[in-house]
Amino acid sequence: MVSIEEAQRIILEQIVPLEIEKVTVFHGLNRITPEDHVAPWDIPAADNSAMDGFAFLHSSVQDNRLSVCGFLPAGEVRRETVPPGSAVRIMTGAPIPPGCDTVVPIEDVETDGDAIVIRGKVKAGDHVRRRGEDISRGDVVIPTGSLLRPQEIGMLSAMGNTSLAVYRRTRVAILATGDELLEPGATPEPGKLINSNSYSLAAQVLDAGGDPVLLGIATDDLEATCEKIRAGLNADLLVITGGVSVGDRDFVKAAIEELGGSVNFWKVNMKPGKPLAYATLQGKPVFALPGNPVAAMVSFELFVRPSLLKAMGHRRVFRPTVRAVLQEPAVNKGNRPHLVRGIVSQCDGRYLVSTTGNQSSGRLSSLTLGNGLMKLAPESRIESGNEVEVMLLDRNFEMGLLQE
Ligand SMILES: Nc1nc2c(c(=O)[nH]1)N[C@H]1C(S)=C(S)[C@@H](COP(=O)(O)OP(=O)(O)OC[C@H]3O[C@@H](n4cnc5c(N)ncnc54)[C@H](O)[C@@H]3O)O[C@H]1N2
Ligand code: MOO
């Protein structure tokens, strides 16, 4: 049995970045750039006005008075020099005309016929945005390995890109196994239950930026399991749930081996998720996750999600962790590290955490009620009021609430 950390190390060592594809700029959102993006020109391209106002030469002002000799909207260029003692009415974004070095906003002047009188103090260079003050030609603006957020998408567009290279999305084939499973839409008869794992896992794949491919359900039969796994081999990575424990009808490991794959390890020292098997089949990583709905999702979080992200070029592949104050005692009587589902909240700048109650790994509501995982060491007890480390599964609880 390997530890969680050892399992992550073995898996992540084998994951290599996927190929690169070209996408339209805004489809690059949340993807990773495999190349440096260098500024092809200065932005702004010229000194320009930051305000709707009047442009003039600061040293030529006498008695705060300037005569107005023209109008310059954004999108136009004035080539004639503005004479000393004169000002041009200029709109935000218009290039500063020759002979000027300063802008005064409209609301800081009084009009007196064809002249303006500046109220208050104006310093030379005020309200002028300098050429290249955003980015300068030749700057590496977005380095290799950067995550493309909306601001990077805007910057790439400003740099003239209409398409760009990103790492391809990981295609993840998802297979559920078990004679007891029905697809959603059916009403469970005695002995049957609905396949929820395929959909929670597909959602986890989407959430990580991957591309899920649903293979359906394999019945508990070696041949049927082999056939379904074969159908998933054109994906980049396979995720199978159920049939990986020691039951008489647990065929997943045997099917992988039958198809020529090799199991790198089986069983991780954790609860839930212990029976996880990690295999390689035709060069593809195969994650055989336990069937219990919580075990499947928690082991996806710990092992599959970081792998997906690494394959898509990400370097930050692990969920954030915070220290939170326990609101009740937490006990792990077992001999495996226990990933206890918790409800994390914030109060007066501190994180608080309580458990989601019954931690059965068949109880999916232990995840729907919460937003974090705390790892309790074997045979340990942590008293209320002590701090524990919690991995945050989402940060929605930190968003500002609408006032009713
Ligand atoms: N004798 C032992 N029995 C079990 C052990 C063990 O060490 N010795 N381990 C237990 C643990 S821990 C887990 S976790 C489960 C995992 O077993 P499998 O991966 O073989 O999963 P199944 O037996 O196929 O299913 C377990 C459970 O989950 C339900 N399930 C399965 N697939 C789905 C799905 N797609 N959607 C929703 N629910 C699903 C299934 O009906 C079972 O109730 O084994 C323990 N047993
Ligand atoms: O470890 Mo199993 O994964 O508890 O349900």
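Residues are numbered from 1 along each chain as its sequence is written, while chains are lettered from A and ligands numbered from 1 in the order in which they are written. Because the model is predicted, local features need pLDDT of at least 70 and side-chain atom pairs count only at pLDDT 80 or more, while totals for chains, interfaces and linings use all residues.

Student: How far apart are the centres of domain 2 and domain 4?
Tutor: Start with the bounds, which come from an automatic or database domain assignment. Domain 2 is 24–38 + 136–167, and domain 4 is 321–398. Domain 1 (4–16 + 169–311) and domain 3 (48–129) complete the division. Taken over C-alpha atoms, the centres of domain 2 and domain 4 are separated by 38 Å.

Student: Over residues 173–310, how much of the chain is helix and how much is strand?
Tutor: In UniProt, an unreviewed entry annotates this stretch as "domain: MoaB/Mog"; positions follow the numbering used here, feature names are shortened, and annotations may be inferred rather than shown by experiment. Helices (H or I, at least four residues) and strands (E, at least two) are DSSP runs, numbered from the N terminus. The end C-alpha atoms of the stretch are 17 Å apart. Its content is 33% helix and 28% strand.

Student: Which elements give two or more residues to the shell around ligand 1?
Tutor: A residue is near a molecule if its C-beta atom, placed from the backbone, lies within 6 Å of it. Of the 27 residues around ligand 1, N197, G242, S245, P290 and G291 come nearest. The elements that give two or more residues to this shell are α3 (197–207) and α6 (293–311).

Student: By class, what does the shell around ligand 1 hold?
Tutor: Ala, Val, Leu, Ile, Met, Phe, Trp, Tyr, Cys and Pro count as nonpolar, Asp, Glu, Lys and Arg as charged, and the others, Gly among them, as polar. On that scheme the shell around ligand 1 has ten nonpolar, 14 polar and three charged residues.

Student: What is the class make-up of the shell around ligand 2?
Tutor: The surrounding residues are K271, P272, G273, K274, P290, N292, A295 and S361. By class they give three nonpolar, three polar and two charged residues.

Student: Against which elements do the buried residues of α3 pack?
Tutor: A residue is buried if 20 or more other C-beta atoms lie within 10 Å of its own, exposed if 12 or fewer, and partly exposed in between. In α3, N197, S198, S200, L201, Q204 and V205 are buried. Contact requires C-beta atoms, placed from the backbone, within 7 Å. The packing partners are β13 (171–177), β16 (211–218), β17 (237–241) and α6.

Student: Why do the buried residues of α4 lie on the same side of the helix?
Tutor: In α4 (residues 222–231), T225, K228 and I229 are buried. The arc is that of the directions from the helix axis to the C-beta atoms. These residues are on the same side of α4 because they cover an arc of only 100°.

Student: Is K267 buried, exposed or partly exposed?
Tutor: K267 is in the loop between β18 and β19. Its phi is near 85°, a positive value in a residue other than glycine. It has 16 C-beta neighbours inside 10 Å, so K267 counts as partly exposed.

Student: And D63, buried or exposed?
Tutor: D63 is in the loop between β4 (53–56) and β5 (65–72). Phi of D63 is positive too, near 55°. With 7 other C-beta atoms within 10 Å, D63 is exposed.

Student: Which residues does G125 touch, not counting those up to four places away in sequence?
Tutor: G125 is in the loop between β9 (115–118) and β10 (128–129). The C-alpha atoms of G125 and T102 are separated by 4.5 Å, though the two are 23 residues apart along the chain. G125 touches D101 and T102.

Student: What are the contacts of L369, not counting residues up to four places away in sequence?
Tutor: L369 lies in the loop between α7 (365–368) and β25 (372–376). L369 and I343 are 26 residues apart in sequence and 7.0 Å apart in space, C-alpha to C-alpha. The contacts are I343 and T356.

Technical notes:
Two residues are in contact if their C-beta atoms, placed from the backbone, lie within 7 Å.
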